[in-house]
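Here is a friendly look at the pockets of this structure and at the ligand. Have the viewer open as you read.

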Amino acid sequence: MKFFVDTADIDAIRELNDLGMVDGVTTNPSLILKSGRDILEATKEICDLVEGPVSAEVVAVDFDQMLKEGEHLATIAPNVCVKVPLTWAGLRVCKILTDNGTKVNVTLCFSANQALLAAKAGATYISPFIGRLDDMNIDGMDLIQDIRTIYDNYGFETQILAASIRSANHMKDAALMGADVATAPPAVISKMIDHPLTKNGLDQFVKDAKEAGIKIV
Ligand code: G3P
């Protein structure tokens, strides 16, 4: 499973990128707001830093303006992936940009039918929002499983990008369900390493190494 980082915080991206944990980045208007950055500048900077796709989201909801925005975002860097909402206008823009060779991430997916439409429109990525479904007492992972089954039934190449990931368990479950990618906030990726037995075991090894006088170099 590929790891995307769901943030526009350049320092956080750099830190994880140096560890080889960043296969791509996703942003959205809320994350741009949080960063306090200009979308075009921030996207350019992130695209220069990471090799993989960087999703930058349109803000218009009508087709004409959304297409203009998508085409403009696509000029920022070769690794920009234009993010559009799961509406008919978004799918029209998706089809046009895809046909022109631009990567497209269709976002705000909450049903298998929506994911089927995005695949038909040629989306590079479909972003089902796990956490927001969980918030409504609907198991977000069931949606990942349904989309996986449907895409595999027909050989759709659209990649499942599990989004709205809120916990390390979400990462594990997305991987078990066969999501192609999971995008998570940096704090969630950092949490994935935690296990009390690792910490306790290491404490003991450090203590015993000291007592044994072990010196390697
Ligand atoms: O990837 C989508 C994400 O940014 C939304 O997450 O936690 O606001 O549902 P959340």
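## Pockets and ligand

The second largest pocket has a volume of about 190 Å³. Among the residues that line this pocket are Ala-12, Leu-16, Met-21 and Ile-193, and its lining divides into seven nonpolar, one polar and one charged. A pocket here is an open set of points on a 1 Å grid where a 1.4 Å probe fits, with protein on both sides within 12 Å along at least five of seven lines, and lining residues have an atom within 4 Å of a point.

The model is predicted, with local features needing pLDDT of at least 70 and side-chain atom pairs pLDDT 80 or more, while totals for chains, interfaces and linings use all residues. Residues are numbered from 1 along each chain as its sequence is written, and side-chain values use heavy atoms, without hydrogens and water.

The largest pocket has a volume of about 570 Å³. Of its 29 lining residues, Asp-6, Asn-28, Ser-30, Leu-31 and Arg-132 are the closest to its centre. Helix α2 (29–35) gives the largest share of this lining, five residues.

The ligand sits in the largest pocket, with more than half of its atoms within 2 Å of the pocket's grid points.

How values were computed
Points joined across faces, edges and corners; volume = space filled by probe spheres on them. Helix = DSSP H or I, 4+ residues; strand = E, 2+ residues; numbered from the N terminus. Nonpolar A, V, L, I, M, F, W, Y, C, P; charged D, E, K, R; others polar.
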